[in-house]
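Student: I have a new structure open and I'd like to learn how to read it. Could you walk me through a few features?

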Amino acid sequence: MVEQFVGNWTLVNSDKFDDYMKAVGVNYTTRQMGILAKPNVVISMGDDEFITLKSVTTFKTTEFKFKLNEECDEDTADGRATKTTMTIEDGKLVQKQAWDGKTTRIERAIEDGKLIAKCYMDDVVAVRTYKKVA
């Protein structure tokens, strides 16, 4: 089921991402860099059942390795240390992050050949659209 997400994706549109970062608690300076960054997201699968989610920008590169349905530690690009669980729900790759009594959810789905990431924090929803590069 994860196979459809595997590939190299580049950001083509971002809606309400600053609002999302603000709701998560990201500081102003980091939010400005986040707005300017046009990440390439590389999703790959290893033979060891680990999936890698790598985000590459001119500012920073982050890499997160995980197994589906297993909680693990994640250090986010904005500096949060989260307990993260990745699952497949209704064909979507769902990322749940918890830290300091807060939780956020990122749902990734393939729609019309594009990777759509919906980021939820409280009542804020940001939508980021990626097109496949390779």
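**Reading the rings, the helix and the core**

Tutor: Let's start with a charge over a ring: K65 lies over the face of F50, at 5.7 Å from the ring centre. Keep in mind that this is a predicted model.

Student: Which ring has the charged end of R80 over it?

Tutor: That's W99, and the charged end of R80 sits 4.4 Å from the centre of its ring.

Student: What about rings with rings? How many aromatic pairs are there?

Tutor: The general idea is that you describe a pair of aromatic rings by the distance of the centres and the angle of the planes. By the rule used here, the count is two aromatic pairs. F17 and Y20 make a stacked one, with 6.0 Å from centre to centre and 20° between the planes.

Student: Where do F17 and Y20 lie?

Tutor: Both are in helix α1, three residues apart, or about one turn of the helix. In general, an α-helix has 3.6 residues a turn, so residues three or four places apart point the same way.

Student: Is F17 buried or exposed? And Y20, buried or exposed?

Tutor: For this you need a cut-off: buried means under 20% relative accessible area. F17 has 16%, so it counts as buried. Y20 has 4%, so it is buried too.

Student: Which residues of α1 are buried?

Tutor: F17, Y20, M21 and V24 are the buried ones in α1. They cover an arc of only 95° around the axis, so they sit on the same side of α1.

Student: What do the buried residues of α1 pack against?

Tutor: They pack against β1, α2 (28–36), β7, β8 (102–111), β9 and β10.

Student: Which residues have the most contacts inside the largest nonpolar core?

Tutor: Y20 turns up again here, along with I43, F66 and Y130, in a core of 27 residues. The elements giving two or more residues to this core include α1 (17–24), β1 (7–15), β2 (40–45) and β10 (124–132).

Student: What does Y130 touch?

Tutor: Leaving out residues up to four places away in sequence, Y130 touches W9, T10, L11, V12, P39, V41, K114, L115 and A117.

Student: Let me follow one of those. Where does T10 lie, and is T10 buried or exposed?

Tutor: T10 lies in strand β1, and at 17% relative accessibility it counts as buried.

Student: Now the backbone. Which residue just after α1 takes a positive phi?

Tutor: G25 does, with a phi of about 110°. K16 has a positive phi as well, about 65°, although K16 is not a glycine. K16 is in the loop between β1 and α1 and is partly exposed, with a relative accessible area of 49%.

Student: Where is N69 found?

Tutor: N69 is in the loop between β4 and β5 (72–75). Its phi is positive too, about 65°, although N69 is not a glycine. At 60% relative accessibility, N69 counts as exposed.

Student: Last one: what feature does UniProt place at residues 7–132?

Tutor: The UniProt record, an unreviewed entry, gives "domain: Lipocalin/cytosolic fatty-acid binding" for that stretch. Over residues 7–132 the chain is 13% helix and 60% strand, and the end C-alpha atoms are 7 Å apart.

Key. Residues numbered from 1 in each chain as written. Predicted model: local features only at pLDDT ≥ 70, side-chain atom pairs only at ≥ 80, totals over all residues. Heavy atoms only, no water. Core = buried A, V, L, I, M, F, W, Y, C linked by side-chain atoms within 4.5 Å. Buried < 20%, exposed > 50% of the residue type's maximum accessible area, 1.4 Å probe, protein only. Helix = DSSP H or I, 4+ residues; strand = E, 2+ residues; numbered from the N terminus. Contact = heavy atoms within 4.5 Å. Phe/Tyr/Trp six-rings, centres within 6.5 Å; stacked < 30°, edge-to-face > 60°. Lys NZ or Arg CZ within 6 Å of the ring centre and 35° of its normal. Arc of directions from axis to C-beta. UniProt positions renumbered as here; feature names shortened; annotations may be inferred.
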